[in-house]
Amino acid sequence: MKKTLLAVAMLFILGSCASKKKLLSAQKQANEIQIQLDKARADLNDCDSRTASLNNDLKAKNDELTSKNSKMKELEDQIEFLKKNNNNLLDRMSDLSVISKEGSESIKKSLAMMDAQGAQIRDLNSSIQKKDSLNMALVLNLKRSLADVSDEDVQIEVKKGVVYVSLSDKMLFKSGSSVINTQAETVLSKVAKILNDYKEIEILIEGHTDNVPISTDKISDNWDLSVLRATSVARTLQKKYGVEPVRMIAGGRGEYLPKVANDSAPNRSLNRRTEIIITPKLDQFFNLYTPNAGK
């Protein structure tokens, strides 16, 4: 009898242990699912935030484009008004025989010159609009392509009518080095893809340092370091990602164009950067300022 009771007790204990194991296993799975759910929600919130930022950028650029279109329309209306007034005046003077034939020809030449200037203004405004639209598309495409990169490592903005892509030195290089880190090549490959999609733009690559002196066997000072870093980026874009070298200029600014004062470690970190400056082809753009350019 005792043996029977002992056997029953053992079976009960074993069954209880098995139930606890199943319960613990189920609880562990539930915790893992909750962690995955929380991560998915965080990723979704981050995606929503980036989407909202892109939409705000797009709205701001559209507003700016609308404002410039309005100003161009005002200029065209003014030119048309002046042309009508001058034509009316010329007709009256001709009818009354008040001016000489030479005077009339002079006025006609002036009107023709005004027409030519009006055409230049329209061409210039059209070119500016095209450049602004190109900048907006570049910024949106770059931000979309680099959405998974930290804002501390890459900053994209439009200044003085051109697009700046600022890359931090801690992402690109080791301290005092001009050799590009392997992990930075992923970022450069994404930038290169955008650059290769827009063949009509030129690329200026500028190296920048802080004001801490440097002197080694191969690097004389911050001038040297900034130039070497710029040429390393240009060489990588050319040789690894197929960006045409004829479109690129590489140069160094040393410590002489800081973003902020070099008065703290965080500020010096901001100043150590390499900037990829994307511009329209300036020879084509400035030809619009010169009548009969290229003829």
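Guide: The model is predicted, so confidence comes before geometry. The mean pLDDT of the chain is 81, and 77% of its residues reach 70 or more. Among the elements of the chain, helix 5 (residues 222-239) has the highest mean pLDDT, 97, while helix 7 (residues 282-286) has the lowest, 48. Over residues 284-295 the pLDDT stays under 50, and the model has 13 contacts there beyond four places in sequence. Where pLDDT is low, the predicted coordinates should not be read in detail.

Next, the setting. The chain holds seven helices and five strands, and from the N terminus on their order is α-α-β-β-α-α-β-α-β-α-β-α. The five strands form an open sheet in the order 1-2-5-3-4, with mixed pairing. Strand 1 (154-159) and strand 4 are the edge strands; each has a single partner strand, so one side of each has no neighbour in the sheet. From one strand to the next, the twist averages 20°.

Both senses of pairing can be followed in this sheet. Strands of a sheet pair through backbone hydrogen bonds, either parallel or antiparallel. Strand 1 and strand 2 (residues 162-168) are antiparallel, with six bridges; in strand 2, Ser166 is the bridge partner of Gln155. Ser166 is buried, because its relative accessible area of 8% is under the 20% cut-off. Beyond four places in sequence, Ser166 touches residues including Val154, Gln155, Arg273 and Thr274. Strand 3 (residues 201-208) and strand 4 (residues 248-254), in contrast, are parallel, also over six bridges. There Glu206 has Gly251 of strand 4 as its bridge partner.

Helix 5 has 18 residues, and its first and last C-alpha atoms are 26 Å apart, close to the 26 Å expected at 1.5 Å a residue. Helix 4 (residues 184-197) passes the same kind of check: its 14 residues should span 20 Å, and its end C-alpha atoms are 21 Å apart, which agrees.

Now the side of helix 5 that is covered. Its buried residues are Asn222, Leu225, Ser226, Arg229, Ala230, Ser232, Val233, Ala234, Thr236 and Leu237. An α-helix has 3.6 residues a turn, so residues three or four places apart point the same way. Steps of that kind can be traced through the list, for example from Leu225 to Arg229 and from Ala230 to Val233. The cover over these buried residues includes helix 3 (169-172), helix 4, strand 3, strand 4 and strand 5. Helix 4 has buried residues of its own, among them Val187, Leu188, Val191 and Leu195.

One residue brings the picture together. Ser226 lies in helix 5, and it is buried because its relative accessible area is 0%. Leaving out residues up to four places away in sequence, Ser226 touches Gly207, His208, Thr209, Gly251, Gly252, Arg253 and Gly254.

Methods. Residues numbered from 1 in each chain as written. Predicted model: local features only at pLDDT ≥ 70, side-chain atom pairs only at ≥ 80, totals over all residues. Heavy atoms only, no water. pLDDT = per-residue confidence, 0-100. Helix = DSSP H or I, 4+ residues; strand = E, 2+ residues; numbered from the N terminus. Contact = heavy atoms within 4.5 Å. Expected span 1.5 Å × (residues − 1). Buried < 20%, exposed > 50% of the residue type's maximum accessible area, 1.4 Å probe, protein only. Pairing = 2+ DSSP bridges. Axes fitted to C-alpha atoms, helices over the stretch in contact; angles between N-to-C directions.
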